Protein chains: 2
Amino acid sequence: MENKNMLMIPGPTPVPENVLLAMAKHPIGHRSGEFSNVIAELTENLKWLHQTQNDVLMLTTSGTGAMEAGIINFLSAGDQVLVGNNGKFGERWAKLSKKFGLNVTEITAEWGHPLNPEDFRTALEADTNKEIKAVIITHSETSTGVLNDLETINKYVKAHGEALIIVDAVTSLGAFNVPVDEWGLDVVGSGSQKGYMIPPGLAFVSVSAKAWKAYETATLPKFYLDLKAYKKATDQDSSPFTPPVNLMNGLQAALQMMKREGLDNIFARHQRLTNATRAAMKALNLPLYAPDHAASTAITAVCSDDAEKIRSTMKKKFDIALAGGQDHLKGKIFRIGHLGFVGERDVLTAIASLEATLIELGHQGFTPGAGIAAAAKELL
Amino acid sequence: MENKNMLMIPGPTPVPENVLLAMAKHPIGHRSGEFSNVIAELTENLKWLHQTQNDVLMLTTSGTGAMEAGIINFLSAGDQVLVGNNGKFGERWAKLSKKFGLNVTEITAEWGHPLNPEDFRTALEADTNKEIKAVIITHSETSTGVLNDLETINKYVKAHGEALIIVDAVTSLGAFNVPVDEWGLDVVGSGSQKGYMIPPGLAFVSVSAKAWKAYETATLPKFYLDLKAYKKATDQDSSPFTPPVNLMNGLQAALQMMKREGLDNIFARHQRLTNATRAAMKALNLPLYAPDHAASTAITAVCSDDAEKIRSTMKKKFDIALAGGQDHLKGKIFRIGHLGFVGERDVLTAIASLEATLIELGHQGFTPGAGIAAAAKELL
């Protein structure tokens with residue numbers, strides 16, 4: 001049905017009406033005092049969301065741009081880095097790091113499995129000369145729905161003492177607890193079209209004092225992504241280059257909503273939606289791609305050789321967009337996004353429509369209604 | 001008055017209501033067939049606007065990001081480049097080029113004066129070994145309202161034969177004729193918040209076959225700004241990284257409007273608004289910062305030691321935002337933007353309010369009404 005689209009993908013995520021309307025306001029000058037006030041409020045609320053006193057900088061890029069900035073600002077060609085790779089995004093950061101001439105050691109796990117923190121411990125403990133300058137980790141791997149154990153890996157990075165921890169929190173920030181100061185995360189990148197509940201086009205990087213120290217000796221060339229320019233401008237409630245004024249008006253409304261809901265409630269909601277989704281898939285005898293102990297609270301990947309048929313029926317008949325598998329997982333999994341502006345009703349809706357889709361496709365081996373029943377229990 | 005803001009700055013420029021409403025639509029998945037159709041239409045219409053068959057690529061950056069991409073994709077550290085510098089943006093491209101290790105020769109003119117094409121001819125003719133790899137020019141210098149003579153400079157670049165011409169058309173594209181194919185412009189960068197009539201957050205680069213050939217041997221590191229990735233994706237009506245879906249919906253509406261108006265009409269309108277603005281300033285005995293023969297059709301800079309008082313009264317009493325002078329021009333000039341979604345009525349409004357402001361500030365030496373009378377003649 002026209003204009004009846006419901007997004008259950010891992011980004012862009014649904015956007016609240018008040019955020020859309022804030023974005024539809026006429027832009028104002030980005031160098032005006034009025035807009036400085038907006039930047040000041042955003043910066044304060046971004047720090048709240050990141051649970052940090054570190055700088056949190058806003059970039060006009062996608063999440064990949066924020067991660068590139070988070071890597072190239074603090075490293076030099078030839079620097080040794082460990083990159084966790086157990087999915088499409090881990091793979092991307094390894095590739096990006098190599099493009100910039102970093103000396104990359106990949107710590108891998110099979111797609112669908114979490115990185116093993118012990119692999120990081122071994123590599124970091126073996127580095128007695130402290131040659132490893134950074135450990136780059138994808139917290140929630142969007143391609144597989146796996147949540148890596150950032151907290152434990154980070155403990156080993158802290159024990160190493162020298163290396164920075166650089167985190168892709170693109171689908172974890174705002175969906176899972178990422179206490180930047182408590183854990184001592186040096187660099188954390190994220191993007192607007194995920195937990196932030198606004199459309200794509202803005203990205204964020206938080207930077208610790210330790211990372212700024214590394215900046216002083218880092219030699220990779222940079223200009224548009226030079227984070228020091230962003231810091232200098234942000235300290236004056238400004239931006240180094242023309243910022244996306246309308247998206248930032250949307251962000252202002254979205255962060256105000258998030259503050260009203262509260263961080264604990266936001267995280268608990270995402271956990272509840274995840275539990276409900278996973279319980280429903282189990283009840284429908286659909287295998288989950290990520291294990292329970294490493295389940296992303298942003299996205300659930302579900303195994304089915306009928307994945308593409310399921311997606312296409314869900315779209316055509318129920319106007320629900322699910323994500324497919326990427327690369328070798330195409331046709332093998334579908335992915336249900338449940339992050340950002342997603343509530344209990346949305347998850348029930350998706351499960352009910354999925355049940356109807358399975359019936360339509362002639363699936364056997366499940367009890368119609370079992371998914372909803374299982375999900376409902378988790379939503380008590 | 002609250003919410004009564006009228007933008008007469010060189011970006012963000014005013015945005016039509018239908019564009020704002022297009023941006024307020026719920027985002028759809030950027031990997032959906034529906035959105036592929038949007039990308040295909042945008043690409044076709046961007047080529048129309050650039051008057052080119054070259055690739056025109058969309059980036060999630062400000063204009064500076066597009067210019068960085070347009071420079072680093074086609075050059076290597078140590079490459080000789082000529083950079084025209086007669087204002088803040090020329091200065092920026094020289095600085096950026098140096099950051100990336102290019103061997104920069106600056107060809108300068110005083111702020112407020114156009115670059116002298118003969119300086120380029122001399123430098124290019126002296127380069128018998130064809131060491132100069134690129135000439136980087138700001139077409140319309142936003143900081144001063146000077147339009148550089150790109151057409152003539154480009155002829156000398158073409159006579160050189162080897163060098164690429166890389167153009168900052170951020171405030172000329174859509175405000176002045178920039179016939180990319182007719183002139184043979186290799187790389188042209190621009191940004192959404194100018195002639196495109198949409199808010200900031202999107203940028204554009206057109207790339208010629210000659211530039212793509214240079215890409216093959218260019219060695220500066222790049223990933224997020226790697227234009228080949230954008231080309232590959234664009235050829236499949238897709239994008240390499242998550243694009244700003246809502247801004248692109250706005251762009252779709254804006255380009256459709258521009259096509260209905262027609263390129264010749266758009267350029268004629270900008271010329272008319274420029275002529276009217278300049279005639280009015282002369283009638284009010286306010287000296288123009290750029291000479292008539294090098295007047296940008298996007299922005300008019302006006303000399304006044306009362307510049308900041310004028311801006312503040314225009315803002316407070318008439319809710320019109322004018323731009324100030326940048327760097328050493330702060331307090332010495334004010335700048336009237338007249339590009340994008342700006343019509344005859346807007347220019348008359350600004351002039352009428354400026355006259356009232358001059359009266360309020362006790363200015364002498366002009367006849368009240370003379371500005372409007374002079375402008376009206378140009379709008380016949």
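User: What covers the buried residues of α10(B)?
Analyst: In this predicted model, the cover includes α1 (17-23) of chain A, along with α1, α2 (33-50) and α11 (263-283) of chain B.

User: What makes α10(B) "mostly covered"?
Analyst: A residue is buried once 20 or more other C-beta atoms lie within 10 Å of its own. Twelve of the 17 residues in α10(B) are buried. Among them are Val245(B), Leu247(B), Met248(B), Leu251(B) and Met258(B).

User: Why are α5(B) and α6(B) called roughly parallel?
Analyst: The label goes to angles under 35 degrees. Helix α5 (residues 117-126) and helix α6 (residues 150-160) of chain B pack at about 10 degrees, axes 8 Å apart, so they count as roughly parallel to each other. Phe120(B) and Leu124(B) of α5(B) are among the residues making that contact, as are Ile153(B) and Tyr156(B) of α6(B). The contact residues come out as seven nonpolar, two polar and one charged.

User: How many residues does each chain bring to the contact between A and B?
Analyst: Chain A gives 44 residues and chain B gives 44 residues. On chain B's side, α3(B) provides the largest share, four residues. That side splits into 24 nonpolar, 18 polar and two charged residues.

Note on methods. Residues numbered from 1 in each chain as written. Chains lettered and ligands numbered in written order. Predicted model: local features only at pLDDT ≥ 70, side-chain atom pairs only at ≥ 80, totals over all residues. Contact = placed C-beta atoms within 7 Å. Helix = DSSP H or I, 4+ residues; strand = E, 2+ residues; numbered from the N terminus. Nonpolar A, V, L, I, M, F, W, Y, C, P; charged D, E, K, R; others polar. Axes fitted to C-alpha atoms, helices over the stretch in contact; angles between N-to-C directions. Parallel < 35°, antiparallel > 145°, perpendicular 65-115°, else oblique.
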